[in-house]
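Thank you for asking me to look at this model with you. My notes follow as numbered points, to be read beside the structure.

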Amino acid sequence: MLDQRLLRDNPELICEQLGRRGMTLDLTGLQLMARQERDLEEQRSNLQAEGNRIGKEVGLKIKGGAAPNSPEVQALRDEGNRIKQQVAVLEEEEKALEAKLREELLTLPNLPSPDAPDGRSEEDNVEIKRWGSPRGKEDWLEEHWQIAERLGLFETERSVRIAQSRFVTLMGQGARLERALINFMLDLHGGKGYREVLPPILVNSASLTGSGQLPKFAEESFRCADDDLWLTPTAEVPVTSLHRGEVIPADQLPLKYVAYTPCFRREAGSYGRDTRGLIRLHQFNKVELYWFVAPDQSAEAHQQITADAEAVLEALELPYRKIELCTGDMGFSATRTYDLEVWLPGAGAYREISSCSVCGDFQARRSAIRMKDGKTTQLLHTLNGSGLAVGRTMAALLENGQQIDGSIKLPAALVPYFGAESIAAA
RNA sequence: GGAGAGGUGGCCGAGUGGUCGAAGGCGCAGCACUGGAAAUGCUGUAUAGGGGCAACUCUAUCGAGGGUUCGAAUCCCUCCCUCUCCGCCA
């Protein structure tokens, strides 16, 4: 959520910066609303001050011996009642205005960082670096879903029976590999000072609002209609809310968490895309990195959290490239985002496997998460990054590890977790 | 799900209608004392929003929301949460 003061004082700046995301908007109405709200607040509190003064005077007179029903006291009581009525009217107006204002503000995305490259779509994203040597496209290379089918690593048809399309049931070595990857990633990050979290994956509306998914993206999440609970689309949601409403002492920052959760997404509007395999599912596993930091640390933290995600790919010997998203392609809450794209030799393409964003104080304001340094309390900054999406990592391992004999060679780092050096041809 | 108890400041804890944003204690910070420290003493120590260059000041907040009243931490209603016991359950 954006700062109301900024809206009151400098809405032009907001328009200009959101313009970089490709939005055209006119905030004069909202600005007016914000100013009206402040005026109402002032009027109301002045009236309340007068009411408080009268209340005290009545108390003093009665204490001083005046009869509670004397004309003098009665006059004050009448005045008090009159003020009370006026306050009630103003309060109602103010509340309505405030609610409307908040509702509108919640739909505005974060302002992009000055460092984020301008652009309209993913076409304009900027490649920062490449790592590893991608194997060339050879005729015999298969796509990961072909490999998985051949090796019996998952069930797709039967998953439709259990749930519906875009669900997968991992089987045998496939299930084992998924589990190995989760543990490997958690251990890798845990060894670097991340505290492991296993949060609820049903989250309430306040949590989804706090991290930015609501109110605008309700159609992207699964909802349990009877309970005000939703299936979390990413661990970012519960982990943000882990500290919702808190004031955190500065010397405890940064707080770094690593959370494994299943993630659930309705993938509305992606019909026909990535329909085979592990790339785009309604339910997938992800190991998420999340930082709460002091504002002056967040730029550096963004480099670090991205490096921590990259370290997983490097440990797994998976070639990747790092790109920076342009303003037109960035997510709702982000001010700046790096995506990591892993090389899939079977598909012959780089595919997103991690997204690392710094959100400034945007989520912190929505979630009321502050830090206290000495006497000053201020909103802190939040960052999130996938470290990594587990299903896509499995896809990458299958495609990159393909041997001519049909088996899959696994990277050395994973062997202790998987318990074998390769997945043998069936 | 049933029965009972309870939710007050960083923490403990007093407070059943009137200068209560809230006694007292602990903790924390500053000052004094000390060679230094402990102990002791004094002072200060919530959050949000509004106004003011500032000193400062106004409003709201005692789980949340509503009500009674000139006036509510205190009385009434609804909800939420925590704890204990019972039931159910992995």
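1. A pocket, as the word is used here, is an open set of grid points where a 1.4 Å probe fits, with protein on both sides within 12 Å along at least five of seven lines. Please keep in mind throughout that this is a predicted model.

2. The second largest pocket holds about 460 Å³ of space, and helix H5 (144-151) and helix H6 (157-162) are the elements that give two or more residues to its lining. That lining is made up of 25 residues, with Gln164, Ser165, Arg166, Phe167 and Thr275 lying nearest the centre; by class, nine are nonpolar, eight polar and eight charged.

3. Turning to the sheet, three strands form an open arrangement in the order E8-E14-E15, with mixed pairing. Strand E8 (247-249) and strand E15 (376-379) each have a single partner strand, so one side of each of these edge strands is left without a neighbour in the sheet. The pairing of E8 with strand E14 (residues 370-373) is parallel and runs over three bridges, and Pro249 has Lys372 in E14 as its bridge partner.

Notes. Residues numbered from 1 in each chain as written. Chains lettered and ligands numbered in written order. Predicted model: local features only at pLDDT ≥ 70, side-chain atom pairs only at ≥ 80, totals over all residues. Heavy atoms only, no water. 1 Å grid on protein atoms, 1.4 Å probe; cavity = no way out; pocket = protein on both sides within 12 Å on 5 of 7 lines; lining within 4 Å. Points joined across faces, edges and corners; volume = space filled by probe spheres on them. Helix = DSSP H or I, 4+ residues; strand = E, 2+ residues; numbered from the N terminus. Nonpolar A, V, L, I, M, F, W, Y, C, P; charged D, E, K, R; others polar. Pairing = 2+ DSSP bridges.
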